[in-house]
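Please look over the structure below before reading the points. They are meant as a colleague's note, to be checked against the coordinates.

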Amino acid sequence: MNILSKPTSTLAQCLQWAINKKAPDLFLTIVPILYNTAHAEGVDPTLVVAQCAKETGFCKFGGVLDASFKNTCGLKTTKGGGCKDPNAHTRFKSWSDGAKAQVQHLALYAGKSGYPLKNPTDPRHFPSLFGKCKTVESLSGNWAGATYGQDLVKMMKEISNIKA
């Protein structure tokens, strides 16, 4: 599945999927922001919603980050650091900024035309990542663990199969 793509689901399908998964109100509030930000940048919104769900536990968090970070996908700071170090992760001013950084990071990985950006919201907008992963599946071992991309594809298929 291509990262840069027309939507493979509707906003209504994403919301219904989240409701079916018993996502909290915060996640339901963020879904339209994720969807519209991704769609505007040519990144499949279904991927962005699924990734946020995976990375934040549907905004239930439970890891090193909490809602105060407004970080929709666990993006680290420019310097990075350990996964269990909260100071290694970026705090965004708003959920819109967090979503924008997530989408910019995915678009960079996918090699979107016009990237790398000069002044991105994405703190890890490294030119060396440009075009590294064109597909969701190729995020495995690059963005995160060995089955990361496949896990996201499974979630994306759940979303696109929802009747809404």
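Predicted model: local features only at pLDDT ≥ 70, side-chain atom pairs only at ≥ 80, totals over all residues.

1. Residue numbers run from 1 along each chain as its sequence is written.

2. Helix α2. This helix covers residues 25-41. With 17 residues, α2 spans 25 Å between its first and last C-alpha atoms, close to the expected 24 Å. Its buried residues are Phe27, Ile30, Val31, Leu34, Tyr35, Thr37 and Ala38. An α-helix has 3.6 residues a turn, so residues three or four places apart point the same way. Among the elements that cover the buried residues of α2 are α1 (11-20), α3 and α4 (95-110). Just after the helix, Gly42 has a positive phi of about 80°.

3. Packing of α2 on α3. Helix α3 takes in residues 45-56, and its axis lies 8 Å from that of α2, at an angle of about 145°. The crossing of the two helices is right-handed. From α2, the contact uses Phe27, Val31, Leu34, Tyr35, Ala38 and His39; from α3, it uses Pro45, Val48, Val49, Cys52 and Ala53. By class, these residues are 10 nonpolar and 1 polar, with no charged residue.

4. Ala38. Which residues does Ala38 touch, leaving aside those up to four places away in sequence? They are Val43, Asp44, Pro45, Val48 and Val103. Ala38 lies in α2 and has a relative accessible area of 0%, so it counts as buried. Ala38 and Lys79 are 41 residues apart in sequence, and their C-alpha atoms are 25 Å apart.

5. Packing of α3 on α5. Helix α5 is made up of residues 148-160, and it packs with α3 at an angle of about 115°, the axes being 9 Å apart. This crossing is also right-handed. On the α3 side, the residues in contact are Thr46, Leu47, Val49, Ala50, Gln51, Ala53, Lys54 and Glu55. On the α5 side, they are Tyr148, Asp151, Leu152, Met155, Met156 and Ile159. The contact of α3 with α5 has 9 nonpolar, 2 polar and 3 charged residues.

6. Helix α4. How much of α4 is buried? Of its 16 residues, 13 are buried, so the helix is largely enclosed by the rest of the structure. From first C-alpha to last, α4 reaches 23 Å, close to the 22 Å expected. Just after α4, Gly111 takes a positive phi of about 80°.

7. Cysteines. A search of the whole structure finds 0 disulfides. For Cys52, the nearest cysteine sulfur is that of Cys59, at 4.6 Å. A disulfide would need the two sulfur atoms within 2.5 Å, so Cys52 is in no disulfide. Cys52 has 0% relative accessibility and therefore counts as buried. Cys133 is likewise in no disulfide; its nearest cysteine sulfur, that of Cys73, is 14 Å away. Cys133 also counts as buried, at 0% relative accessibility.

8. Most residues other than glycine have a negative phi, and most peptide bonds are trans. Cys59 is not a glycine, yet its phi is positive, at about 65°. Cys59 sits in the loop between α3 and α4, and its relative accessible area of 7% makes it buried. Phe61, also not a glycine, has a positive phi of about 55°. The loop between α3 and α4 holds Phe61 too. Is Phe61 buried or exposed? At 18% relative accessibility, Phe61 counts as buried, because the cut-off is under 20%.

9. Cis peptide bond. Tyr115 and Pro116 are joined by a cis peptide bond, with omega about -5°. Pro116 is in the loop between α4 and α5.

Key: Heavy atoms only, no water. Axes fitted to C-alpha atoms, helices over the stretch in contact; angles between N-to-C directions. Helix = DSSP H or I, 4+ residues; strand = E, 2+ residues; numbered from the N terminus. Left-handed = near helix turned anticlockwise from the far one by under 90°. Contact = heavy atoms within 4.5 Å. Nonpolar A, V, L, I, M, F, W, Y, C, P; charged D, E, K, R; others polar. Expected span 1.5 Å × (residues − 1). Buried < 20%, exposed > 50% of the residue type's maximum accessible area, 1.4 Å probe, protein only.
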